[in-house]
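Dear colleague,

Please find the structure below for your review.

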Amino acid sequence: MLSVEGVAKTFVGRRPVEALRDVSLHVEAGDFVSIVGPSGCGKSTLFNLIAGIETPSSGRIAAGGETDADRRRLSCGYMFQKDLLFPWRSVLDNAALGLEVAGVCGRAEARSRARELLPRFGLEGFEGHRPAELSGGMRQRVALLRTLLLKRPLLLLDEPFASLDALTRRELQDWLRSTWRTGSEAALLVTHDVREAIYLSDRVYVMSPRPGSIVAEVAVPRGAGGSTGALAAAEVETAVLRALQIETAA
Ligand SMILES: Nc1ncnc2c1ncn2[C@@H]1O[C@H](COP(=O)(O)OP(=O)(O)OP(=O)(O)O)[C@@H](O)[C@H]1O
Ligand SMILES: [Mg+2]
């Protein structure tokens, strides 16, 4: 589904910035994989490379068998770290925009698909509001809805729940966990919340500080119902925090 092999990225400018060094990771169909790492280590850069928005300085990326950047872009449903809503469009029209632009369906159908999911995203009654009239968390939910509606094979979610309260966050995590497979084949999530990574994913990649590289890959064991026992979750958390070099109380 996704293969990143020995990818490096240095931004050239007034002062070159080496963002990523020798990053390799693999995601199979059916996988939900998280990436955690310190701020500035290159997580968003890695997503931009995977989605074909930026070009790697070296290395190779294939998504859904496609190495061509334009084709890769079409196989990715990418929710940017910044919500990127159009200020003059309503909630409903912003949510429907992805489907419209991709030419999946016409405006009326796109609006109707988006409207169906508004209650689930806590946006019912706000369909006519503009982004400036929403809270940060609501804007984020519109952006998440827009991305998920696209149903692209590979979901790239860059901190989709960052400014949500704990309750909404858990509701949307549960919803994402139970439904992402209906639209997409694999998902990659950037989060700073180690427990969120464990709750949602089959595997957690840990990145080093910049220049970012993968320093650990930790599998999350799941039982028959898809849940991880408290003990196993604690063990995974300790392993991830250790890789992040965050000391835990023994
Ligand atoms: N377009 C760009 N031009 C120049 N430098 C860039 C560009 N984009 C990112 N960088 C640099 O690359 C490094 C990694 O940035 P990136 O946004 O990928 O980090 P991140 O891991 O997503 O951080 P955060 O957790 O804070 O979102 C930073 O030092 C940043 O300044
Ligand atoms: Mg980022």
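Which residue in E7 does Phe 32 stand opposite? Phe 32 stands opposite Ala 187. Helices (H or I, at least four residues) and strands (E, at least two) are DSSP runs, numbered from the N terminus.

This is a predicted model, in which local features need pLDDT of at least 70 and side-chain atom pairs count only at pLDDT 80 or more, while totals for chains, interfaces and linings use all residues. Residues are numbered from 1 along each chain as its sequence is written, and chains are lettered from A and ligands numbered from 1 in the order in which they are written.

The surroundings of E7

Strand E3 (residues 32-36) is joined to E7 by four bridges, and the two run parallel. Two strands pair if DSSP finds at least two bridges between them. Strand E6 (residues 154-158) also runs parallel to E7, with five bridges between them. Here the bridge partner of Leu 155 in E7 is Ala 187.

Strand E7 (residues 186-190) is largely enclosed by the rest of the structure, because five of its five residues are buried. A residue is buried if 20 or more other C-beta atoms lie within 10 Å of its own, exposed if 12 or fewer, and partly exposed in between, with C-beta atoms placed from the backbone. In a regular strand the side chains alternate between the two faces of the sheet. In E7, Ala 186, Leu 188 and Val 190 point one way, Ala 187 and Leu 189 point the other way, and all are buried.

E6, helix H6 (residues 166-183) and E7 form a right-handed β-α-β unit; right-handed means that, with the strands pointing away from the viewer, the path from the first strand over the helix to the second runs clockwise.

Three strands form an open sheet in the order E2-E1-E4, with antiparallel pairing. Its edge strands, E2 (17-27) and E4 (58-63), each pair on one side only. Strand E1 (residues 2-11) is joined to E2 by seven bridges, and Val 7 stands opposite Val 23 in E2.

Helix H1 (residues 43-50) packs on this sheet and touches E1, E2 and E4; residues are in contact if their C-beta atoms, placed from the backbone, lie within 7 Å. Seven of the eight residues of H1 are buried, among them Leu 46, Phe 47 and Ile 50. After H1 comes Gly 52, whose phi is positive, near 75°.

Yours sincerely

Technical notes: Contact = placed C-beta atoms within 7 Å. Axes fitted to C-alpha atoms, helices over the stretch in contact; angles between N-to-C directions.
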